Amino acid sequence: MAADGFTFDFRAGRERYDYQVSVGDAGRDVLGGRGDRDHFWGLDGDDQLSGTRQNDVLYGDQGRDTLSGGDGADRLTGGSGGDRLYGGKAADALMAGAGADYLDEGAGHGDLNGGMGDDTLVGGAGPDAFAVDPTSGNDVIRDFTAGPGMFDHLALRDLRWEDLTFEETTAGVRVSWQGGSVLLEGVAKSQLAQDDFMFADAPDLPPASRDATAPAAERPSPSVEGPTFGHRDLPGERFDQAADAALRDGDVSLAFTGDEAYQVIVGERQGDALTGGASVDNIFGRDGADTLIGLGGDDVLQADAGDDQLEGGDGMDRLDGGKGADTLGWRSHGRRHHGHGWR
């Protein structure tokens, strides 16, 4: 089904937003949001995907893709190939893959992860977390604000303080480890503080390199607003009227493959028990008291209205309980949640 591309939309229920799901084909796709919560997959080709003011989830997958979240708390995943990812005003998560990628979070707090390859990271206005690990390649952060006060920080995974070395260069201080590095452009080693480092897997406190007097002023940033794309109809398979009505009623499960095995599961507007698998699952509970379980993969669980129970399982998951008294849980380490379970 995904080889030809498809799209459909459905109501969340009592929540005041709709969802739009679009999966591209083997060529170059242009998928633009219309004001819904957008869940887009570009798959093959050099794709252009943009959301709007809602909380959007965009996957570039294969090719040199451009993803732009717009306003709202967005999750952008570039996939393989050299991609360009743009966040917006809210708390976004930008995650690239293999290739030389460019990530620009924009205003607001954000999590940026360039993945494998030599990447350029721009945090924009507001505090940001830049994730690095032994496989990150040689990255450059262009607007890192160093110093005490928990502003920008390096989120180090599978690395300890003793793994790091520091080199002053004309461009800034380079923090290196076996197999990779990150250049903090325009930052001197003497400006770094304990607050600039957060160790995700095990607590580790580096020695203080400067007194914790007061937070530093935020540095200027080359951040720019991401582009907006108009939605072009997919040339492949279109759902007929009866099938589209069934999708709007929920109880839908669709599977397709790109860089990862993906699955979209849409519940009915009553209590559902929905479980993903080893794939990257996007699961929508809608109204009712739902139980959503992601299992393996980097899953997105959207419970919407109702008293819901969400369990992410293994992987880097996004859990959003919506309205109601919700219970959110993860089984593995190294994840955080803000508000209703933003990763």
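This is a predicted model: local features need pLDDT of at least 70, side-chain atom pairs count only at pLDDT 80 or more; totals for chains, interfaces and linings use all residues.
Biologist: Over the ring of which residue does the charged end of Arg-37 sit?
Modeller: The charged end of Arg-37 lies 3.8 Å from the centre of the ring in question. That ring belongs to a member of an aromatic cluster that also includes Phe-6, Trp-41 and Phe-284. The residue is Tyr-17.

Biologist: What is the relative accessible area of Asp-18, which forms a salt bridge with Arg-11?
Modeller: In the salt bridge of Arg-11 with Asp-18, the closest N and O atoms are 2.5 Å apart. Arg-11 is partly exposed, with a relative accessible area of 44%. Asp-18 also falls between the limits of 20% and 50% and is therefore partly exposed; its relative accessible area is 27%.

Biologist: Why does Glu-167 count as partly exposed?
Modeller: The side chain of Glu-167 meets that of Arg-174 in a salt bridge (3.7 Å, N to O). Glu-167 counts as partly exposed because its relative accessibility is 42%.

Biologist: Why is the pair of Phe-130 and Phe-144 tilted?
Modeller: A search of the whole structure finds 16 aromatic pairs. In the pair of Phe-130 and Phe-144, the ring centres are 6.0 Å apart. Planes under 30 degrees apart count as stacked and those over 60 as edge-to-face. The pair is tilted because its planes stand at 45 degrees.

Biologist: Where in the chain is Phe-144?
Modeller: Phe-130 and Phe-144 are both buried. Their pair links distant parts of the chain, 14 residues apart, with Phe-130 in strand 14 (residues 128-132). Phe-144 is in the loop between strand 15 (138-141) and strand 16 (153-156).

Biologist: How many charged residues are in the lining of the second largest pocket?
Modeller: About 270 Å³ of space lies in the second largest pocket. It is lined by 17 residues, and those closest to its centre are Gly-70, Asp-71, Gly-87, Gly-88 and Glu-225. The lining comprises three nonpolar and ten polar residues, and the charged ones number four.

Conventions:
Residues are numbered from 1 along each chain as its sequence is written. Side-chain values use heavy atoms; hydrogens and water are left out. On a 1 Å grid over the protein atoms alone, a cavity is a set of points where a 1.4 Å probe fits but cannot get out, and a pocket is an open set with protein on both sides within 12 Å along at least five of seven lines; lining residues have an atom within 4 Å of a point. Grid points are joined across faces, edges and corners, and a volume is the space filled by probe spheres set on the points. Ala, Val, Leu, Ile, Met, Phe, Trp, Tyr, Cys and Pro count as nonpolar, Asp, Glu, Lys and Arg as charged, and the others, Gly among them, as polar. Rings of Phe, Tyr and Trp (its six-membered ring) pair if their centres lie within 6.5 Å; planes under 30 degrees apart count as stacked, over 60 as edge-to-face and the rest as tilted. Helices (H or I, at least four residues) and strands (E, at least two) are DSSP runs, numbered from the N terminus. Buried means under 20% relative accessible area, exposed over 50%, partly exposed in between (1.4 Å probe, protein chains only). A charge sits over a ring if NZ of Lys or CZ of Arg is within 6 Å of the ring centre and within 35 degrees of the ring normal. A salt bridge is a side-chain nitrogen of Lys or Arg within 4 Å of a carboxyl oxygen of Asp or Glu.
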